[in-house]
Amino acid sequence: MLRIARPARRFGAFFFNDPMKRLAISLVLYNNDPAEVDRLLLSIRRSSLSADLFIVDNSSENHASQFDGLPHVRYCHTGKNLGYGAGHNLILRQTVASYSYHLVVNPDIYFEEHVLKRLVEHMDAHPQIGHMMPKILYPNGETQYLCKNLPRPWHLIARRILPGHWAERWNHSYEMRYADYDQPMEVPFLSGCFMLLRTSALRKIGFFDERYFLYFEDLDLTRRIARQYGCLYWPEVAVVHNHKNENYRNLALLRHLIQSGIRYFNRYGWRPFW
């Protein structure tokens, strides 16, 4: 049984009787830095496009007091770690019929006030787009290479076991570093840190596959969307991602990465390996 923070009603009770709204945002938390979360919330509150934010907190401790009194914010404390995709699905099942667009966002993201409005306006003008991602920057302003080709097993192994310059050769291909990151492009795999999704597409193809507890759920969803819609990288606007690559240092996260990778390649095929 889910424990819903104040006010003690399900998310959907607030919105299902309303006409179609523009944008819902889902945020899944698990023992995150409160300062990072506050910075993201400030970006959303300052946005020139109004949005409703739904927070699912998989942490053991209830953090409802951090969000008390914030307008357009609904908080749900699960009391256990459901996983990344399952946490977002908890929100999507209750909101996908009531909004035109849904933003899946990581807590370590922040952006300027015009970003959401411009992204949604571009999707309005291009109904064939099902999934869209802006340029993603490090805090120092450098571009993060998060437009990726579909991985092969060796791509993921080489990134971890080969010496630096050899790993970079594989990353050059996998992360599409040969492409112009200042130009819009259709991309096979857009990172899950900031996923602007058309809800009509989600109603057709479904939500995150909850068999991926963590990692690869964004790749799997992108592949399914791309069968019927465009998946667009659009660098006309940018967001900042304070990415830490924690799976390189955390053995538990590395285990989830390996498990999800095996599940992904079992589904989509191990060939070609290289």
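**Aromatic pairs and an exposed glycine in a predicted model**

Gly69 is located in the loop that runs between strand S3 (52-57) and strand S4 (73-77); helices (H or I, at least four residues) and strands (E, at least two) are DSSP runs, numbered from the N terminus. The structure is a predicted model, in which local features need pLDDT of at least 70 and side-chain atom pairs count only at pLDDT 80 or more, while totals for chains, interfaces and linings use all residues. Residues are numbered from 1 along each chain as its sequence is written, and side-chain values use heavy atoms, with hydrogens and water left out.

Gly69 counts as exposed because its relative accessibility is 76%; exposed denotes over 50% relative accessible area, buried under 20%, and partly exposed in between (1.4 Å probe, protein chains only). A separation of 18 Å lies between the C-alpha atoms of Gly69 and Ile25, which are 44 residues apart along the chain.

Across the whole structure, a search finds twelve aromatic pairs. Rings of Phe, Tyr and Trp (its six-membered ring) pair if their centres lie within 6.5 Å; planes under 30 degrees apart count as stacked, over 60 as edge-to-face and the rest as tilted. Phe67 and Tyr75 form a stacked pair, with 5.2 Å centre to centre and 25° between the planes. Both of these residues, Phe67 and Tyr75, are buried.

Phe216 and Phe265 form an edge-to-face pair, at 6.4 Å centre to centre and 70° between the planes. Phe216 lies in the loop between helix H6 (199-205) and helix H7 (217-226), and Phe265 in helix H8 (residues 251-268), so the pair ties together parts 49 residues apart in sequence. Phe216 and Phe265 are each buried. Ring pairs also link Phe216, Tyr264, Phe265, Tyr268 and Trp270 into a cluster.
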